[in-house]
Amino acid sequence: MDKYFKNKYLWTFLVFLLLQSKGQSQAQNIIRYDLYVGEKMVNFTGKNVTAMVINNQLPAPTLTFTEGDIAEIYVHNTLREETMLHWHGLLLPNRYDGVPYLTTAPIQPGETKLFTFALIQSGTYWYHSHTGMQEQKGMYGALVVHKKQDDPTIRSQDKLPEYVLLLSDWTNEDPKQIHRSLHHATDWYAIKKGATQNYGEALRKGHLKTKLVNEWKRMLAMDVSDVYYERFLANGQPEQNVPQFKAGDQVRVRIINGSASTYFWLEYAGGKMTVVASDGKDVEPVGVDRMIIAVAETYDIVLNIPENKRYELKATSEDRTNFVSLFLGNGETIQQPALPKLKYFEGMKMMNSMMRLDGSMDDMGMNMSLQQMDMNTVMYPEVSGYEEGKQDSSHYLIPDDFIVLNYAMLRSTTETTLPAGPIRTLRFELTGNMNRYVWTLNNRTVSESDVIEIKQGENIRIELYNGSMMRHPMHLHGHFFRVINGQKAYAPLKNVIDIMPMETNIIEFAANDKNGGDWFFHCHILYHMMAGMGRIFRYENSPPNPEAPDPQKALRKVYRDDRQFHGMIHAGLQTNGSEGMLGLGNTRWTFGMHWHVGWRNHQKVEVETHVGRFIDRNQFLIPYVGIDFRSRTHASEKDWLGQSLTHEKTRMVAGFRYVLPLFLELDARMDHTGRVRMKLSREDLAFSNRGRLGMSITSEREYQLGVHYILTKKLALSASYHNEMGWGAGLAFTY
Ligand SMILES: [Cu+2]
C-alpha cells in the first residue's frame, strides 16, 4: 500500500513536471487579468466625488506582459451604464480595439467581455475607457509590455530598474457638464485660472491696445487649455516617492499622459532626462532639460540619481495652474523650481500679429513643424523675461544651453521605411472655433464626413495643418505612423502626434493590418473628440466583424456623439424686470427662446423664438427664422428707422446675426409685414476677473446698459439701466 501511494505520488509529480516544462517550452504564455469596472468615492479636494474605477483603483491597475504573451482580459461591467476599454497603442484584431459600436459591442451593465489577443510588440502603453466621458472620471491605467530576454533589440536601458508614472487630470465637476459648458463658451474656467485677460488687467499692465486689437480681430482670450482642473495626479496622488534609489543609480521612468485634456511639461532636478522611447517605440537616447508630453503620449526616460538626495521630477500642467511630483532617492530634497505664471498678454500680442481679419492665421512664412518653434515661449517668463516686479521668488531663468525636446530629435533605433506600395496622400486641416466649441477636420465633424476607405498594401501619407489656436494630439488606432522629421529611414514611429497651432506635419503609415476593419483617427483631447474631431479609416473588403454585425447601425451610434445637442439657460431677475434665454445647440444648429419682461414704469413683454444655422467656418454668421411676440406701450410713434411702432404683437420673422469686430453683435430681422428691426449688442465684456459689462440698442428706441459680477459658475449679481424700464438690480442664473 505504502509503496503504491509513494509511486502514485511520484508519477503525479513527474506528470506535473512534464506539464510544467511543456508550458514553459511553449513560446506563448497566457496572462489573465480580470478588470471590474465600477464606481468609488474619492476625495482629492476635501469633497467626496464619485469616480469611475477599475478593481477599485484610480488609476486602474498596471497590466504587464512580455512580448509574445497572449492577453486574456476579462472586463466585468458593474456600472449602471455601458462601458468599453481601448488598449491604446496596441496592435490587435479590430474587434478588440474597443471603440464602442464601431469596432466592439459595448459592455452592458452586468456583462463581461473577454479581450484576447497576442502581444506582438513591446513598450509603454495604456488603456482607458472609450465610452462617453468615462475616461475623465478616472478610467485609465498603464499597460507595459517588456521585451523578451532573447530580443535582439534589448539595450542597457531595458535592464534598468523601472517606474511607471501615469499622469492625469482630475476635476470634481461632472465631465458631461464641462462639455456642455464649453459649448456655451463659459468663462468660468478662465476665472478659476485667473486667465480672463480682462480690460482692467490689460489697462494696468499697459496692454490696452493689445486687448483692443485682439477683440477687433474677434479672438477670444489666449489660452493653452480649456478646462480648469482641481488636481493633477501622478499615479492617482499629487506626489509619489520612490526612496530606494542611491547615488549613481539610474531609473527608467515610463511616463504616460492619461489626461483627458492636459499637456504636461516635465523637468528634473537631478540633471538631464534621457529620452529612450516614445509611444512604446525605442528611439536613440537623447538628453533634454525640458520636454512636453501631449495628452495620450508615452515617453520612457532614464534619470540619474547623482547623489544620495531626493530629486524631483516635476510635471507642470501646460497652463501652469498646478503640478505633480515624483521624488526619486532619499535625503535632502532637491526641488525643481516651479514654472512661473504665463504672460498671457504677450501671447495675445503675438496672436494679434498673426491673425488675419477673416479669422485665418498667417505664419509669416515660418513653415513651422515638429514642435521646433514654440510660439508660446513669448509667454514664458523664464525664457522671455519676467514682467516688471513679477520676478518669481525662485528667480528661475533658463540657461543658454537649455535643451527642449522636439519631434525632430526623435530617431528610431531601427529602419522604419514603409514597404513598397502605392502612396495615397490625404490632407487634413485641424479646424475649430473656441466660441461654440466646434472641433473638426477640414471643417467637418466625424458624422459630417464619410469614412475613408483604404486598401490593404497601400501607404497612407497624411499632411496635417493646424489652423486652429490650440494644439491637438492626433491619435491613430491600431497602427504606428512614421513622423517625417528629417531622420529619413530612421523616422520615429508613433501613434500620437501633437500638432501646435500653425504647424504642418507629415505622417505616413502602411495599411497592412491583415484583419482589416475600422480604425479611428482622432484628437485625443476628450472634449475635442466628443465634439467630432476625427475620421474613420476603413479597410476595403474587410471580413465581417462579429462585434459590429450591422456596420451602418454602428456608424449611426458613433455619429451620435458629435450630433448631440447641448442645452443652456440664462435667467436674470431684477427689480425692474426679467430677461433671459433658453438655448439648445449642436455643431451647426441653434434653437433659442429669449424673453424680456418689464414690470416697472413701463409694461413690456417680449418673447422671441428662433432657429438658426451657423454657415461660415468661424461661425460668426447665423441666419435664422422664428416667431416674435412683443407687447409694449410706446412713448413714441415711430422707430429710429421711421417705421410705425404700433403693430401686430405676434410676427413671423427672418433675419441674421453677425459678430462684428470687438464682438459687437448685429441682429437684423424683417417680419412678415416687411418691418425691419435692428439690434446692436455686446455681451460679457470682461472688465475685471469676475466683472462683465453688457449693452444693447435697438432701432425700436430701446437701449440698455448692464453690469454683472460672477459669484459662482451658476450665479451672478446684476444691475442694469433700461431707457424705458429704468434702473434695476438682482440676480442672474446660468446653467
Ligand atoms: Cu484637439
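The protein has 9 helices and 43 strands. The model is predicted. The chain has 735 residues, and its radius of gyration is 29 Å. A compact globule of that length would have a value near 27 Å, so the two agree. The C-alpha atoms fill a box of roughly 115 × 60 × 55 Å along the principal axes.

**Overall build**

- Buried residues make up 41% of the 735 residues.
- Take the contacts with a separation of 6 or more: 67% of them join residues 24 or more positions apart.
- The largest nonpolar core has 144 residues.
- Within that core, Leu 167, Ile 293, Ile 301, Leu 303 and Leu 328 touch the most other members.
- In soluble globular proteins, nonpolar side chains tend to be buried together.
- What does Leu 303 touch beyond four places in sequence? Its partners are Gln 250, Val 251, Val 253, Tyr 268, Gly 270, Met 273, Leu 313 and Leu 328.

**Domains**

- The protein is divided into four parts: domain 1 (27-151), domain 2 (186-219 + 341-395), domain 3 (417-562) and domain 4 (566-734).
- The centres of domain 2 and domain 3, taken over C-alpha atoms, are 30 Å apart.
- Their contact takes 9 residues from domain 2 and 9 residues from domain 3.
- On the domain 2 side, the touching residues divide into 4 nonpolar, 3 polar and 2 charged.

- Helix H6 covers residues 344-354.
- Its buried residues are Tyr 344, Phe 345, Glu 346, Gly 347, Met 348 and Met 351.
- These buried residues pack against three helices: H4 (199-204), H5 (208-216) and H7 (381-384).
- Gln 197 sits in the loop between helix H3 (188-193) and H4.
- Is Gln 197 buried or exposed? Gln 197 is buried, because 23 other C-beta atoms lie within 10 Å, and 20 or more is the cut-off.
- Beyond its neighbours within four places in sequence, Gln 197 contacts Ala 202, Lys 211, Ala 221, Met 222, Tyr 344, Phe 345 and Met 348.
- The C-alpha atoms of Gln 197 and Lys 211 are separated by 8.0 Å, and the two residues are 14 residues apart along the chain.

- Strand S25 (residues 472-476) is mostly covered, with 5 of its 5 residues buried.
- In a regular strand the side chains alternate between the two faces of the sheet.
- His 472, Met 474 and Leu 476 point one way from S25, while Pro 473 and His 475 point the other way.
- S25 runs antiparallel to strand S28 (residues 496-499), and 4 bridges join them.
- S25 also pairs with strand S30 (residues 518-523) in the antiparallel sense, over 3 bridges.
- Met 474 stands opposite Ile 497 in S28. Met 474 also stands opposite Cys 523 in S30.

- Strand S39 (residues 676-686) and strand S40 (residues 691-698) run antiparallel, joined by 6 bridges.
- Leu 680 stands opposite Ile 697 in S40.
- A hairpin joins S39 to S40 through 4 residues.
- How many bridges join S40 to strand S41 (residues 702-710)? There are 8, and these strands run antiparallel.
- Met 695 stands opposite Leu 705 in S41.
- S40 and S41 form a hairpin with 3 residues between them. Arg 701, in that turn, has a positive phi of about 65°.

**Backbone details in loops**

- A cis peptide bond joins Leu 58 and Pro 59, with omega about 0°.
- Pro 59 is found in the loop between strand S2 (49-54) and strand S3 (60-66).
- Tyr 101 is not a glycine, yet has a positive phi of about 70°.
- Tyr 101 lies in the loop between strand S5 (85-88) and strand S6 (112-118). Tyr 101 is buried, with 24 other C-beta atoms within 10 Å.
- Leu 662 has a positive phi of about 65° and is not a glycine.
- Leu 662 is in the loop between strand S37 (650-660) and strand S38 (664-671). Leu 662 is partly exposed, with 13 other C-beta atoms within 10 Å.

How values were computed. Residues are numbered from 1 along each chain as its sequence is written. This is a predicted model: local features need pLDDT of at least 70, side-chain atom pairs count only at pLDDT 80 or more; totals for chains, interfaces and linings use all residues. Helices (H or I, at least four residues) and strands (E, at least two) are DSSP runs, numbered from the N terminus. The radius of gyration is taken over C-alpha atoms; the globule rule is 2.2 Å times the number of residues to the power 0.38. A residue is buried if 20 or more other C-beta atoms lie within 10 Å of its own, exposed if 12 or fewer, and partly exposed in between; C-beta atoms are placed from the backbone. Two residues are in contact if their C-beta atoms, placed from the backbone, lie within 7 Å. A nonpolar core is a set of buried Ala, Val, Leu, Ile, Met, Phe, Trp, Tyr and Cys residues joined through C-beta atoms within 7 Å. Domain bounds come from an automatic or database domain assignment. Ala, Val, Leu, Ile, Met, Phe, Trp, Tyr, Cys and Pro count as nonpolar, Asp, Glu, Lys and Arg as charged, and the others, Gly among them, as polar. Two strands pair if DSSP finds at least two bridges between them.
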